[in-house]
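Reader: I would like to go through the terms used for this model and see what each one rests on. Please set the values against the definitions.

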Amino acid sequence: MSVVVVQLGQCGNQVGRELFEVVDSDARGQGAKADGERYREASLDRFFSCEESGGNVPTARAVLVDMESKVIGRTLSSAAKTGRWKYGDKNYFCQKKGSGNNWANGFYIHGPKCEDAVMNLVRQEVEKCDRLSGFITTMSLAGGTGSGLGTYVTGCLRDTYPNSFILNHVIWPHRTGEVIVQNYNSVLTLSHLYQSSDGLLIHENDTIHKICSQLLNIKQISFTDVNKVIAHQLGSILQPVCTGLCLTEYSRSPLGIDWQVRPTPAGLPVAAKISPNKELRFNTSVSNLLILRGKEVQNAETGGFNDQALYTSWTPAESALSVWQASQTFNKYERSATMVSNSQSVLKPLDSVVRKAWNMFASRAYVHQYTKYGIAEEDFLDSFTTMEQVVASYSNL
């Protein structure tokens with residue numbers, strides 16, 4: 001089944017391009033045996049189409065959206081230079097002026113203006129799919145176009161394709177700050193996506209930066225380095241998992257990532273486990289997905305992840321952990337494992353963002369820059385209420 005990727009804003013377009021590069025490289029690197037051929041065909045059908053005018057060069061099932069043309073131009077050019085895959089010649093929408101890192105500008109101004117054009121591009125991509133599985137959006141929480149316009153487009157996708165899966169992949173901003181109003185943008189984005197998305201797959205910039213520095217030993221870390229790591233992790237989740245002739249599809253849970261899981265000490269009360277102002281002493285999960293790929297993965301010991309102490313008490317034992325296994329390697333690694341977790345790992349950064357946004361709103365800092373584009377103060381309050389409820393729910397797992 002095929003997916004259509006909607007790349008939104010500068011960050012979304014950069015990550016989206018790296019994702020298609022990873023998918024293409026992984027598919028081409030499979031062996032010549034029958035299982036490898038099935039995997040390659042399933043991967044290419046999921047992410048690429050073959051246009052009659054495109055010869056043997058696969059075309060990404062993607063729509064590129066940004067309010068500034070230079071980002072689109074660089075994305076199209078860098079993909080074309082590979083010679084292995086490309087974007088559609090007309091699969092993009094751009095204008096001459098961005099959203100100024102303002103969520104309200106992206107949502108209330110640019111969103112309605114570009115709705116017809118963007119949704120028409122999406123419709124054309126959907127019509128190329130023999131079987132549509134759903135949509136993946138890539139977007140930043142910090143900026144104006146990715147967050148504001150991305151939120152608006154997600155709502156349009158939900159209204160137009162109510163039965164299709166929508167996975168929003170969002171990039172969490174650095175805690176030290178990229179944009180002065182990033183906490184406003186994050187709260188407004190997350191509260192709206194919570195209503196329209198089937199799943200949120202979160203990557204934290206701070207965590208990815210640590211991977212680049214501490215694990216990959218990169219001295220001068222660039223946006224390209226960060227995007228490559230994100231795309232690698234995305235590919236390890238989104239590529240097909242083949243068992244004989246069966247292809248396993250996506251999970252439908254809100255998503256976060258944290259490998260630091262351990263059973264809670266006996267007798268430790270919930271209030272002692274979770275404190276937004278302190279390090280989490282234990283990470284309780286609703287459910288986990290473990291994806292194993294490569295040589296002899298069927299022999300991997302995964303029993304530790306079945307420990308019911310890792311999960312909230314109301315999660316059925318049979319639903320707590322899903323393990324997907326594929327004999328095919330991923331991106332030429334002999335063995336690889338990826339954990340996707342719906343857990344309290346999201347609690348600390350989410351609580352921090354909501355708290356900082358509240359403090360700014362209480363002093364009415366920058367609020368006028370949002371209200372002039374059509375958002376009301378009551379909309380802010382509704383978004384705060386929604387996210388505080390999410391924080392409370394995860395705190396009580």
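Reader: What makes the buried residues of α11 pack against other elements, and which elements are they?

Author: Contact means heavy atoms within 4.5 Å. The buried residues of α11 pack against β7 (165-172), α6 (182-196), β8 (199-204), α12 (367-371) and α13 (377-395). Among these buried residues are Leu347, Leu350, Val354 and Phe361; buried means under 20% relative accessible area, exposed over 50%, partly exposed in between (1.4 Å probe, protein chains only). This is a predicted model, in which local features need pLDDT of at least 70 and side-chain atom pairs count only at pLDDT 80 or more, while totals for chains, interfaces and linings use all residues. Residues are numbered from 1 along each chain as its sequence is written, and side-chain values use heavy atoms, with hydrogens and water left out.

Reader: Why is threonine 302 called buried?

Author: Its relative accessibility is 16%, so threonine 302 counts as buried. Threonine 302 touches Leu290, Leu292, Leu321 and Val323, leaving aside residues up to four places away in sequence.

Reader: How do you know that β11 and β13 pair?

Author: Two strands pair if DSSP finds at least two bridges between them. Nine bridges join β11 to β13, so they pair, and they run antiparallel. Leucine 292 stands opposite alanine 337 in β13.

Reader: What makes β12 and β13 edge strands?

Author: The open sheet has the order β12-β11-β13. β12 (321-326) and β13 (335-343) each have a single partner strand, so one side of each is left without a neighbour in the sheet.

Note on methods: Helix = DSSP H or I, 4+ residues; strand = E, 2+ residues; numbered from the N terminus.
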